[in-house]
Amino acid sequence: MIHKKAIGIIAIAALIASCHNAENDWDAAGAFESVETIVSTESSGTIMEFNVEEGMTLQANQFVGYIDSTQLYDHKMQLEAQIASTISQTPNIPAQIASIEAQLADAVKNQQRMENMFKANAATQQQLDDANTQVEVYKKQIDAEKSSLGITSTTLAKDVAPLQRQIEQIDDQLKKCKIINPIKGTVLTKYSEDHEVTSPGKALYKIAPTDTLILRAYVSGAQLTEVKLSQKVTVRTDMGSSQYRMYSGIVYWISDKSEFTPKTIPTKDERADLVYAIKVRVPNDGYLKIGMYGEVKFSTSNP
C-alpha cells in the first residue's frame, strides 16, 4: 500500500513564498512516500510476546513475538501418541513366521532323506510323495501368513497416514503462531499490544522500508520529452533558512495516463491543466521523511 500524504495548501503557500527566482529552474515538485506493509496475524489466540515499537527498525525475517499455542501443541502430542500406539500394533512378520520356516526346514531335510532312500529302494513312492506334500504345505502356510500380516501392516499404515497429515497441519499452524517481520524497514504504526487477543487477518503493525524513499512528482505534457525511465535526476529538500539538501535520484516510473493537476502540487507550468505523475527513487541518508516535500531537476547538474 502506497502512503500518499497530500501537501497542504497552507504549507505549499509557505513553500512558494520561501522560494527565490532561481527556484523556477526546478522542473517538478512532489512528496516523498514509501511502500507500506501491514503485518497481520495468521493465527488466533493471546499475544504472549510482541517486541515491536513505533520507530523501531526491524530486519527481514526477524522474530518479533508469538501467539499462545498451548492447545495446538497438546493436540500434536496427542496425535503423536496415537500414532505410536498404532505403529506398535504392526506385526513383526519375520518373527511370526519363524516357527513355520523352522518346520519347513525340517520338512525339506526329510524330503531329501526320502529322495535318497527312494533311490536306494529303502522308501516307497508314497513316503516320498508325503514328504513332498509336507514341504508344499509349509510353503503355502508361510505365503498365507505373509499375505495376512502384510495386509494388517498396510491397514495400520493407512490408519497412521491421516494422523501424520494432521500433525503437518498443526506444525503449519504452530509456525503461524510466530510473528515474523517480513521486510526490512521502520515501524510506522503499532496496532496491538502484549496479552491482547487476536485473530487471523487482524493488523499488528505497519512497516515501510525507509532506506530508499519514493518522490512522487508531476510534470506537464510539454516536459515529458525531458524525462525518461532510468534517468538520473537531482532532488532537493528544504533544510530551512533558504538552505537545501541535495540528493541523486533515478526515475523508475512514468505514468502513461494524464490527470488533472493536483491542487496542492505546483508544477513548472502551472497553466497546464493535465499532468503526468512520475516516481523517483531516492536513497535516504536519514533526513528524508515520508510526506516531506521535494523538488526535481531533470538535469543532474546543480542549478
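Visitor: Which backbone oxygen lies 3.3 Å from a polar atom of the side chain of S192?

Guide: That of A203. First, some ground rules. This is a predicted model: local features need pLDDT of at least 70, side-chain atom pairs count only at pLDDT 80 or more, and totals for chains, interfaces and linings use all residues. Residues are numbered from 1 along each chain as its sequence is written, and side-chain values use heavy atoms, with hydrogens and water left out.

Visitor: Why is S192 called buried?

Guide: Buried means under 20% relative accessible area, exposed over 50%, partly exposed in between (1.4 Å probe, protein chains only). S192 has 1%, so it is buried.

Visitor: Where does S192 lie, and what does S192 touch?

Guide: S192 lies in the loop between β7 (185–190) and β8 (197–198). It touches I47, F50, K202, A203 and L204 (heavy atoms within 4.5 Å), leaving aside residues up to four places away in sequence.

Visitor: Why is F63 called partly exposed?

Guide: Its relative accessible area is 39%, therefore F63 is partly exposed. F63 is found in strand β5 (residues 62–67); strands are DSSP runs of E, at least two residues, numbered from the N terminus.

Visitor: What makes β2 and β4 edge strands?

Guide: Four strands form an open antiparallel sheet in the order β2-β9-β7-β4. β2 (37–40) and β4 (57–58) each pair on one side only.

Visitor: How do you know that β4 pairs with β7?

Guide: Pairing needs at least two DSSP bridges between two strands. Two bridges join β4 to β7, and these strands run antiparallel. T57 stands opposite T186 in β7.

How values were computed. Polar contact = N/O pair within 3.5 Å; in protein donor to acceptor, adjacent residues only side chain to side chain.
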